[in-house]
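I opened this model to look up its cross-link, its strands and its core. My notes follow in the order I made them.

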Amino acid sequence: MRGKKIFYIVLTFICMSPFMVKADCDYQRLAELSKLASNVKVSYNYDSNANFTVTLTNLTDDIYVTDNFGNSFNGSGERQVSYGSGNTVTYQIFSNDANCSGRQLGTKYITLPSFNPYY
């Protein structure tokens, strides 16, 4: 009899305690986001005044990109930014998904050539 009472008391406390359900970033979603990150392409063109325009393509709303100069790029489509010659730019790609927010998915590097004034 006493064992039954203890069981019901423990069961009551378990039922009364709030359960926290946290949606976590599952493996399949992380694989999808990593694939989106690997599809991001980085290219550059000579602009003028010894500057280069870097174009980021294949961006989606599920990811965002930051560079080592403090710029951040989000949203889908294509983004362009101008840098001086001779710079090495590092792009870090992060998840923008609610369950995997802020998780780093990849890194891209681009080294811009130095400007040759005698060309």
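I started with the cysteines. Cys-25 and Cys-100 form a disulfide, with their sulfur atoms 1.8 Å apart. The cut-off for a disulfide is a pair of cysteine sulfur atoms within 2.5 Å. By this rule I count one disulfide. The link of Cys-25 and Cys-100 is right-handed, with 95° about the S-S bond. Cys-25 lies in the loop between helix H1 (2-16) and H2, and Cys-100 in the loop between S6 and S7, so the pair ties together parts that are 75 residues apart in sequence. Both Cys-25 and Cys-100 are buried. Buried means under 20% relative accessible area, exposed means over 50%, and partly exposed is in between (1.4 Å probe, protein chains only).

I noted how the model is handled. This is a predicted model, in which local features need pLDDT of at least 70, side-chain atom pairs count only at pLDDT 80 or more, and totals for chains, interfaces and linings use all residues. Residues are numbered from 1 along each chain as its sequence is written, and side-chain values use heavy atoms, with hydrogens and water left out.

Next I checked confidence. pLDDT is the predictor's confidence in each residue, from 0 to 100. The protein chain has a mean pLDDT of 86, and 83% of its residues reach 70 or more. Among the elements, S6 has the highest mean (96) and H1 the lowest (68). Where pLDDT is low, the predicted coordinates should not be read in detail.

Asn-99 lies in the loop between S6 and S7. Asn-99 counts as partly exposed because its relative accessibility is 41%. Asn-99 and Asp-24 are 75 residues apart in sequence, yet 5.6 Å apart in space, C-alpha to C-alpha.

Now the strands. Helices (H or I, at least four residues) and strands (E, at least two) are DSSP runs, numbered from the N terminus. Two strands pair if DSSP finds at least two bridges between them. I found an open sheet of four strands in the order S4-S3-S6-S7, with antiparallel pairing. S4 (72-74) and S7 (104-111) stand at the edges with a single partner strand each, so one side of each has no neighbour in the sheet. S3 (residues 63-67) and S6 (residues 88-95) run antiparallel and are joined by five bridges. Ile-63 has Ser-95 in S6 as its bridge partner. Helix H2 (residues 27-38) packs on the sheet and touches S3, S6 and S7. Contact means heavy atoms within 4.5 Å.

I followed S2 as well. S1 (residues 41-46) pairs with S2 in the antiparallel sense over six bridges. S2 and S5 also pair in the antiparallel sense, over seven bridges. Thr-53 is found in S2 (residues 51-59). Thr-53 counts as buried because its relative accessibility is 18%.

Last, the core. A nonpolar core is a set of buried Ala, Val, Leu, Ile, Met, Phe, Trp, Tyr and Cys residues joined through side-chain atoms within 4.5 Å. The largest one has 20 residues, and Val-65, Phe-73, Tyr-83, Tyr-91 and Leu-112 have the most contacts inside it. S2 gives the most to this core, with four residues. Not counting residues up to four places away in sequence, Leu-112 touches several residues, including Tyr-44, Phe-52, Val-54 and Tyr-83.

Conventions
Axes are lines fitted to C-alpha atoms, for helices over the stretch in contact, and angles run from 0 to 180 degrees between N-to-C directions.
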